[in-house]
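Have the coordinates open and follow along.

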Amino acid sequence: MRLIPFGTPSKSKEYVFPAGRLKPYLLSVAAGAVLLAVLVAAFTTGAKTVATPGALASPHAPVEKRCATCHAPGATEVRCEYCHDPFGTSRFENAGHVWFGTKNPQLVAKAKDIECAQCHSDHHGLEFSMRRVDERQCASCHFRSMAKHPQIALVKAGKMLDEGIHFNHKRHMVEVQKKNLEMCLYCHEPTGDRKGFEAISFDRHCVLCHLNTPETRKTEPVAPAVLILPRAIGASWSDAIAANIQEIKRGEVVRSVVYQNVTHRDPWILYNLWNLSREVDPTGLAAKRQVLASRIDDLNFQLRQPPTGGLAPAVLKTQQDGIAAQLKQLGNDPGRLAERRRLEKALARVRVQIELGPLRGMTAPRPQDRRELLGRLADAKAALDDFDNYAAGPSPTLTEDERQARLAAAAAITAPCAKCHIFNGPLIKSVRAAMPVLDHARFNHLPHVQQLQKCQACHTGIEQSAKAEDVNLPGIANCQSCHRPGKSKADCAFCHRYHPQREPWPPI
């Protein structure tokens, strides 16, 4: 039985190929070969920009024709550090950002690694700023718009940290008006760029009213038995102070606090205060010493030299072998993962230095001026030396009467100080006046003052503030009234910084 009608063509047992079937294939191969030849020619002649997605930002122009400086194959953190001084590297890491915001070691340990180039991408043209970051990067962890910005933490808490000083804005503003001084700006002295304010200084801002007042002119009468008089100290300042010790009836002495060339910090009072603290409160004194020692450790940590900068190839090779041996010895111990991570990064940094050779051209400056850090370190060491000189010696075992006599002496010699300072036992608490209030944000006073003219426009109720711990800061709603679409900028990076200004401490 025939199923196929008559006249139907029979099936072919071979594929049917159209005429010129190889033409598209050959054209594609030819075009690819030409493009490859152009790229190879461009690469060998140095015209490598033809293979890039765009021109580099102007600071990166010196490496425009040396792609391998950054790409091998990707732009990794250690390759950025080849040109950008790795001093204080951990402040640029995501872990540094988490520590800056939370001070939570558990969250820091869980912080994921983020390469610099993930946020600071290049190839957007010569005029592009590498500091510019797409705020969608911020929104991946935080809120997505200024309209949803949470309340400022200080405003929400309603109270600032203990400033270590008694201060009453209400009283001081009245006194400033009486003396016809400039309201607010006499004490809150603008910096040269008018973006912020200079630190409050007794010698500049307070001395006009507090230099020769009855409260600050003399100490209370005190029996010298539990004190060390100036002539027994033998310091460079002792003779000048000895002339100001006045003996009064009952064998007690008083001290004129203010004398020529000294307006505030009195070395004799501090010497005796620390010495009395050693006898009365050795634990508190040890804690104060630890604060000074930690400050020195912090500065030394910031001043550490990068491990590879400016080293000869042979030294780098020795370093590479040494770090590799340490990693091999470390193994995969789960309890030492952080140490392994630091060694792996150090090894990668050394290998990049060996690969790319001595640096020529650009280099980025350190985040802080080294001379400034060295000056701060010298001051901290001098303070610790003074502390050890003043408070040296064993702590005696005191009866309760002897202890009370020393506390009474400490109160008497610090009577002029107690008008403003807060005490922790016999020790004066550290003063935090003029510390930044918005620790995690940038704020530029200049444009706000230009528009509003008056400080009280934002700092409402300041005339009634009776405590240094009062929060005289406007809430987030005040910011949102201007910082919104169509008005002032409202992107994250406009106010907030990702990287801490200083190396995180303790080392992360």
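For the angles below, axes are lines fitted to C-alpha atoms, for helices over the stretch in contact, and angles run from 0 to 180 degrees between N-to-C directions. The helices themselves are DSSP runs (H or I, at least four residues), numbered from the N terminus. Bear in mind that this is a predicted model, where local features need pLDDT of at least 70, side-chain atom pairs count only at pLDDT 80 or more, and totals for chains, interfaces and linings use all residues. Residues are numbered from 1 along each chain as its sequence is written, and side-chain values use heavy atoms, with hydrogens and water left out.

**Two helix pairs**

Start with helix α14 (residues 313-330) and helix α15 (residues 337-356): their axes cross at roughly 155° and come within 9 Å. That makes α14 roughly antiparallel to α15, given that angles over 145 degrees get that label, under 35 count as roughly parallel, 65 to 115 as roughly perpendicular and the rest as oblique. The crossing of α14 and α15 is left-handed, as the near helix is turned anticlockwise from the far one by less than a right angle. Contact here means heavy atoms within 4.5 Å. On the α14 side, the contact residues include L316, I323, L327 and L330, while α15 brings in L343, L347, V350 and I354, among others. The residues of this contact divide into 10 nonpolar, four polar and five charged.

Now for helix α12 (residues 267-280) and helix α13 (residues 282-302), which pack at about 125° with axes 6 Å apart. That makes α12 oblique to α13. W274, S277, R278, E279 and V280 in α12 meet P282, L285 and K288 in α13. Four nonpolar, one polar and three charged residues make up the contact of α12 with α13.

**Charged pairs**

How many salt bridges does the rule give? The count comes to 18, where a salt bridge is a side-chain nitrogen of Lys or Arg within 4 Å of a carboxyl oxygen of Asp or Glu. Here are three of them.

| Salt bridge | Closest N to O distance |
|---|---|
| R231 and D239 | 3.6 Å |
| R278 and E279 | 3.9 Å |

For accessibility, buried means under 20% relative accessible area, exposed over 50%, and partly exposed in between (1.4 Å probe, protein chains only). R406 sits in helix α17 (residues 400-413) and E279 in helix α12, so the pair links distant parts of the chain, 127 residues apart. Both R406 and E279 are buried, and R278 is buried too, at 10%. By contrast, D239 is exposed at 56%, and R231 is exposed at 63%. There's also a salt-bridge network that links E77, E81, E93, K345 and R349.

**Loop details**

The peptide bond from A72 to P73 is cis, with omega near -5°, and P73 lies in the loop between α1 (23-45) and α2 (77-83).

Which phi values are positive in a residue other than glycine? N180 has phi near 55°, and C184 has phi near 70°. N180 lies in the loop between α8 (169-178) and α9 (202-210), and C184 is found in the loop between α8 and α9. N180 is exposed, at 71% relative accessibility.

Methods: Ala, Val, Leu, Ile, Met, Phe, Trp, Tyr, Cys and Pro count as nonpolar, Asp, Glu, Lys and Arg as charged, and the others, Gly among them, as polar.
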